Amino acid sequence: MSIAWGLPLGFFIAILAIFGVSVALIYERRISRQQAQALLELRENHDEIIKRTNEQSDKLLCSLRESEERLRMTLRCAPDIVFIVDQLGRFAFVNDFTIESLGYTRHELMRMEIFDLSPAARRETCHDIFNLICRDTARHTHEILLVAKSGLEIPLELNAVKLPNGRVYASCRDITIRKAARQEITQINHRLSGLIESIPDGIIFKDGDGRWLIINETAKSIYNLYDIEWRGKTEVQLAVLQPELCDEYQACRTEDEQVWQSGKMQVFQKHLTLNDGNQCYFEVRKMPIFQPDGSRGGLVITARDVTDQKRIEIEQEAASAQIHQLAFYDSLTGLPNRRLLMDRLLQACLASSRSGRHGALMVIDLDHFKNLNDSQGHDIGDMLLLEIAKRLSGCVRDGDTVARLGGDEFVVLLQNLSAHSDESASRAEAIAEKIRGAMTAPCTLNEHVYTTTMSIGIMLFKDQQDSIDHLLKHADIAMYQAKAAGRNTIRFYDPVMQAAQEERIKWEAELRFAVERNQLQLHYQVQVDSQYQPVGAEVLLRWLHPQHGMISPAFFIPTAEETGLIVSIGTWVLQNACAQLKAWQNNYLTSKLTLAVNVSARQFRQADFVAEVKRALLQTGARPTLLKLELTESIVLENVEDAISRMNELKALGVSCSLDDFGTGYSSLQYLKRLPLDQIKIDQTFVRDIASDANDATIVKTIIVMAKALGLHVIAEGVEMDAQLTFLELCGCETFQGYLFSKPVSLDKFETLLRASTNQLGFTRKSKALPCTASH
């Protein structure tokens, strides 16, 4: 083949081949240069990476070495035994403390297994523990024993864990001290338990919430807790288990709370019935224990059986009481004897000195007791003395003393009589008379009736002017004076007072005769209305003595009150007043007149007083509406309810009631509006000065207004002057009584005055008042 230019084809092929090779070489060189350059850069990068890697490795290695060194130092210096063993139990690492504790060298330990250090008797257990640790990666804690090279067995607390490489890391802490302490605590608890059980007292310990934690056998027997699960239970829960002890458990809770509130030990006395039925006394002590923060920690309780001690105390008290009884009391009557009497007399003198009030000493001797004793025997005599002692005790007040000196001689000690000697004498005599009256009542001894009398000597005392021996001696002398006077009588030691008392006794006897001999008379003081027409009269008692003439009521009425004669005298007055009303009923001058009769406190308090009034009306035939009973405020206030009841009964009979001496007592609307009264009488002490004393005038005016507001009639007594009457009329008073119209006069003079007043169309005022005298 040829080319157009005339060159051979091969030439062109050769040229092309050479050109291709050249191009290829040129290209290959370029590529080689590029690759060399890239390789160079890669090598440089590689070197840089290697360099940095080496630097980081060095740092990491250094840090690791430091960490390993720290760990090694920590393990080496740790105060615990630290080791690592492989899966066969061979030591791979031990710290210095292991070497120090066990006494082996590191080289020796590295040739040993952990089992070699376990005591032969516990080696199998050691294998079991090791296998248990190797089963998982959990942390295990056990108590083990390792034997040191010296043969010493060391108790250790093992904390072990299986590592990821299969080895076992273990740390062991010496618990020798802990074990010793635990053993010591166990021993202490054992000894304490033995001590608690050896104590004969019941011991109970509760926690702060009242749960029973510890009790000994004695406590179990006290509460019968043998068949009951008591531990950890409170009294509420125990009461459910033992309902028979419910009250006791409730008492325990109350006591516990009391102890907690007080914050200190408390002692309680208990009387319990044990399971065997025995009644026992216990002294229970409860001590609270508080936590450091002040909260309740627990209660320590001891219960001591004091039954024998209590029995001894009771016997001692009984013996002491018997000794005291024998020393200070009469063996027959049980009354205080001379020794106790003298002590009480001394105390009475001291009390009298402080209070300024008199006391009285009575020596009482039975009349003719020796005759009874000799004729009937000492048994009858003793029976009589017992009866006398009983009656004497019933005659005196609380606080007074009845004593027996011996034989048939008794003593009565009265205290706190009065600051005034005459009043004290009267009170002492009244009690003596009461005693004398009580003794005269017959008594039955062995089916035989006996009567006896006694002689009484009285000695008043005040302060400590005489020794107690002299007081008793003087009273004894007075008693012999009573015997010398004929027995069955009373004598005072004081000569002056004795004379006065004899005088008083004489007048008392005279007064008794006066009733019997009709020496008492009724006088009448007219009562007029606002027109000065007579509407009635007040009955006033007078005593006309055959030798002494007319005796003032102010003299004999108090004697009658004290002696009780006032009751019979009051009955006589009431009977005669009713009889007079009956006598006046057929006379036109007197048929409408009322009669006002004063009633004494003792008479009003008689249980049959209303019946007595009714009886007097029925016996005489008097009209009840014309009878007016005058009562003082003191009578009513003594027992308001009883007074209201009796006054209502009287009103049911048709009898009217008037409140006498109104304003002199403790006047009160509170009771006044409740009393079934018909009339109020203004006391003459207010009327006397109404014309000159503004206070009295105001009081009188107020009484009248108040009475009218309550629908009550008003009468003023003691009207003696025109000025008084005028003032009373202006105030609205309706009825008047006083010397301005008439003084109290006898029946015949009173009837004469009535006739005269009828002729004059009423009573006329007297231009001059008569001297003011008592109207009662």
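Which domains does the domain assignment give for the protein chain? I looked that up before anything else. I found domain 1 (81-180), domain 2 (199-310), domain 3 (334-510) and domain 4 (514-654 + 665-678 + 706-719 + 733-757); the bounds come from an automatic or database domain assignment. I also checked domain 1 against domain 3: their C-alpha centres are 107 Å apart.

Notes on what I'm working with. This is a predicted model, where local features need pLDDT of at least 70 and side-chain atom pairs count only at pLDDT 80 or more, while totals for chains, interfaces and linings use all residues. Residues are numbered from 1 along each chain as its sequence is written, and side-chain values use heavy atoms, with hydrogens and water left out.

I went to strand β12 (residues 401-406) and found five of its six residues buried (under 20% relative accessible area; exposed is over 50%, partly exposed in between, 1.4 Å probe, protein chains only). Strands here are DSSP runs of E, at least two residues, and helices are runs of H or I, at least four, numbered from the N terminus. β12 pairs with β13 (residues 409-414) in the antiparallel sense, over five bridges; pairing takes at least two DSSP bridges. I see valine 402 opposite valine 412 of β13. Two residues sit between the strands of this hairpin, and glycine 407 has a positive phi near 60°.

Most residues other than glycine have a negative phi. I noted asparagine 416, with phi near 55°, in the loop between β13 and α13 (421-440). Asparagine 416 is partly exposed because its relative accessibility is 47%. Asparagine 518 also went into my list, with a positive phi of about 60°. I place asparagine 518 in the loop between α15 (495-516) and β18 (520-528), and its relative accessible area of 57% makes it exposed.

**Helix pair.** I looked at α11 (residues 369-376) against α12 (residues 378-395): the angle is about 140° and the axes are 6 Å apart. Axes are lines fitted to C-alpha atoms over the stretch in contact, with angles from 0 to 180 degrees between N-to-C directions. So I call α11 and α12 oblique (under 35 degrees is roughly parallel, over 145 roughly antiparallel, 65 to 115 roughly perpendicular, the rest oblique). Phe369 and Leu372 of α11 are among the contact residues, as are Ile380 and Leu384 of α12 (contact: heavy atoms within 4.5 Å).

**Glutamate 538.** Buried or exposed? Glutamate 538 is buried, because its relative accessibility is 0%. I find glutamate 538 in strand β19 (residues 534-545).
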